[in-house]
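Have a go at each one before reading its solution.

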Amino acid sequence: KAKAAAKKAAVAVKKAKAAAIRQRAAERAQAKKAAAAKKRATLKSKAKKAAAKKKAQAASLRVAKKNAALKLKAARARLTKKMVALSAEAVKLRLPKKKKKKKSAAKAKVAAKKAAVKAKKDKIKSSGAVTVRSLFLQQQKGKGMGLIQMQEKFRSLGAAEKKALVDQAKKNLAKRNEIKQS
């Protein structure tokens, strides 16, 4: 009986020890869970704070940009006002009308000279082509041929046809020289 009671007591002690170990393991696991939860909460609050800080920075940046735009607008307005004032002064300081007329007369003279030069150039162009090839191409233009086809046709011209073109080109050259000398 004593042995059996001793065995029962030993088993009870083992069970108590095992229960105590399980209890401590459960407490440790619970402590770990609590620490992890606390850490998550800390990280969440840090993230919230960082987001709030970023939002505040963005808002202050928007305000700064808006202020800069307003300053720029005001500076442009001041500059425009100064320019208007300066142009008003420039109107007051303009040259007398007599000198202005002289200036416009000079401009008219230059324009007339340019017009005369242009007219002479146009007259020179109207004298016609002065080379045989360009005269032939001018005559063939608008007949539905391409440039390459016209060149081939020019190469295959006979002597009599070329002579007529040469005579015409000489006449055109004489006209051109006469216009240039006038």
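**Exercise 1. Work out how many helices and strands the chain has.**

Solution. Count the DSSP runs from the N terminus, taking H or I of at least four residues as a helix and E of at least two as a strand. You get five helices and zero strands, so the order reads α-α-α-α-α. Keep in mind that this is a predicted model, where local features need pLDDT of at least 70, side-chain atom pairs count only at pLDDT 80 or more, and totals for chains, interfaces and linings use all residues. Residues are numbered from 1 along each chain as its sequence is written, and side-chain values use heavy atoms, with hydrogens and water left out.

**Exercise 2. Compare the chain's radius of gyration with that of a compact globule of 182 residues.**

Solution. Start with the globule rule, 2.2 Å times the number of residues to the power 0.38, with the radius taken over C-alpha atoms. Next, look at the box filled by the C-alpha atoms: roughly 155 × 70 × 20 Å along the principal axes. Finally, 8% of the 182 residues count as buried (under 20% relative accessible area, 1.4 Å probe, protein chains only).

**Exercise 3. Describe how α3 and α4 cross.**

Solution. First, the axes of α3 (residues 132–140) and α4 (residues 147–155), lines fitted to C-alpha atoms over the stretch in contact, come within 10 Å. Their crossing angle is roughly 125 degrees, on a scale from 0 to 180 degrees between N-to-C directions.

Notes: Buried < 20%, exposed > 50% of the residue type's maximum accessible area, 1.4 Å probe, protein only.
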